[in-house]
Amino acid sequence: MSKPCLSLRFAFVLSLSFASSYTAHSYSRCPSPSSLTNCSSSTTYPPISTSKATPFDLLSLLGTPQQASSIDPSVAKQLRSCLKFLVPFSPTRPLGPESSAPSLRRRLSSESISNWSCGEVNELLWWPPAPVMELARLAVDSGGDPGAIHRALDPTMIPVPDVEESKENRCELTRTPYGRHFINEELNSYLIFLFEVIAARGPSIGLNVSLSRFDLFHGHIFLATNSGRLGILFHAKEYPMYDKEAFPYNTGYCQIGSNVVYDESMNLRNILWLAPMPSNSTKSWLTAGVLVVLDAHPGGIIYRDLIPEYVNYARTIYEEDLGDLVADVNYLNIGGTAPDYQIFIC
């Protein structure tokens with residue numbers, strides 16, 4: 001199949017958006033959880049084919065020590081230099097979900113993260129609420145079957161309403177005109193939590209995003225190839241505004257009215273969440289959760305090896321390269337004067 005031109009491919013991939021600019025909470029002033037060495041164009045690479053990074057290498061590096069040790073050391077070093085963690089990669093608490101306070105998990109649906117400490121947010125990223133952990137185990141136990149996750153969704157179809165006047169511009173933000181929720185409300189609350197943490201902590205590593213239909217409003221739920229690990233690939237900076245110098249691309253109706261400036265922050269538009277990884281033979285957990293921004297700076301290994309050439313200007317990593325797509329999760333502002341953000345799983 002031939003590759004479509006950038007503008008058409010970009011319009012298809014940059015599908016989904018939403019509105020109302022979001023001001024990062026005071027939480028963004030927390031110390032940066034992890035800013036590794038810059039993913040710069042000065043990095044040199046061995047001219048051997050085995051040094052080419054793959055999505056499998058990326059997921060292995062973020063997995064168990066045994067998985068990480070299986071990667072070519074040169075590739076591992078270069079990948080590490082392009083990872084900007086929004087939660088420290090190695091938890092400081094004992095390995096296991098029992099380290100999370102039940103009272104903290106109960107606050108998910110009732111309290112803004114602006115009222116939480118950095119440590120409390122870290123804890124919920126490392127060890128999510130029980131329903132998330134159960135879903136993560138189900139993903140692995142099913143052998144990475146997307147149907148196992150689909151069965152956790154409420155069958156009720158929820159029409160997607162107009163989102164910041166997108167319909168009058170003939171903009172279709174979602175894959176389907178309706179969405180669904182997980183049956184367990186704590187799962188839906190955790191998805192909201194992830195969007196808000198990204199918006200709040202992003203500035204600490206140079207990613208300033210708004211929860212709007214032009215910027216960060218969607219992610220792609222996937223099950224990792226081979227391991228079945230549950231993950232979400234979020235895409236920020238979805239519809240940069242047209243600029244004949246900086247961004248001379250027409251990405252369709254959803255771009256109309258965008259105030260998203262194309263600048264160096266586009267390098268950080270791919271954000272990866274990975275659920276804790278369960279053992280497939282015991283009740284134990286092999287790794288904690290991960291939330292990391294993938295730096296696709298030109299010249300770095302992510303840009304070079306994981307960004308398709310035909311969308312390198314858009315810095316897009318595709319969820320299909322990481323595993324089997326389960327569904328899209330959209331966090332959309334359907335309110336009028338007052339913001340009203342809702343989850344739609346399509």
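Helices are DSSP runs of H or I with at least four residues, strands are DSSP runs of E with at least two, and both are numbered from the N terminus. The legends describe a predicted model, in which local features need pLDDT of at least 70 and side-chain atom pairs count only at pLDDT 80 or more, while totals for chains, interfaces and linings use all residues. Residues are numbered from 1 along each chain as its sequence is written, and side-chain values use heavy atoms, with hydrogens and water left out.

**View 1. The protein chain contains ten helices and twelve strands.** The protein chain has 346 residues, of which 55% count as buried (under 20% relative accessible area; exposed is over 50% and partly exposed lies in between, with a 1.4 Å probe and protein chains only). Of the contacts (heavy atoms within 4.5 Å) between residues at least 6 apart in sequence, 72% join residues at least 24 apart.

**View 2. I113 occupies the loop between α5 (102-106) and α6 (118-126).** With a relative accessible area of 2%, I113 is buried. The C-alpha atom of I113 lies 7.7 Å from that of E196, although 83 residues separate the two along the chain.

**View 3. C171 and C254 form a disulfide (cysteine sulfur atoms within 2.5 Å).** The structure holds one disulfide, and the sulfur atoms of C171 and C254 are 2.0 Å apart. The torsion about the S-S bond of C171 and C254 is about 95°, so the disulfide is right-handed. C171 sits in the loop between β3 (158-159) and β4 (178-179), and C254 in the loop between β6 (230-235) and β7 (270-274), so the pair ties together parts that are 83 residues apart in sequence. Both cysteines are buried: C171 has 3% relative accessibility, and C254 has a relative accessible area of 6%. A further cysteine, C346, is also buried, with a relative accessible area of 14%.

**View 4. Helix α7 (residues 130-141) packs against helix α9 (residues 185-201).** The angle between the helices is about 95°, and their axes are 8 Å apart (lines fitted to C-alpha atoms over the stretch in contact, with angles from 0 to 180 degrees between N-to-C directions). This angle makes α7 roughly perpendicular to α9 (65 to 115 degrees; under 35 is roughly parallel, over 145 roughly antiparallel and the rest oblique). On the α7 side, the residues that meet α9 are P131, V132 and L135. Their partners in α9 are E186, L187 and Y190.

**View 5. The largest nonpolar core has 55 residues (buried Ala, Val, Leu, Ile, Met, Phe, Trp, Tyr and Cys joined through side-chain atoms within 4.5 Å).** L125, F182, F193, F234, I271, W273 and L291 touch the most other members of this core. Helix α9 gives the most to the core, contributing ten residues. When its neighbours within four places in sequence are left aside, L291 is in contact with F85, L86, V87, L125, V197, I198, I271, L272 and W273. A second, separate core has 29 residues, among them L62, F222, V290 and A296.

**View 6. I345 belongs to strand β12 (residues 341-345).** At 3% relative accessibility, I345 counts as buried. Setting aside neighbours within four places in sequence, the contacts of I345 include L153, G179, R180, H181 and F182. N188, L191, A327, D328 and V329 are also in contact with I345.

**View 7. S265 lies in the loop between β6 and β7.** The relative accessible area of S265 is 11%, and the residue is therefore buried. Apart from neighbours within four places in sequence, S265 contacts G206, L207 and K237.

**View 8. N226 and R315 each have a positive phi in a residue other than glycine.** N226 has a phi near 75° and is placed in the loop between β5 (218-224) and β6. With a relative accessible area of 70%, N226 is exposed. R315 has a phi near 60° and is placed in the loop between α10 (301-306) and β11 (323-333). At 9% relative accessibility, R315 counts as buried.
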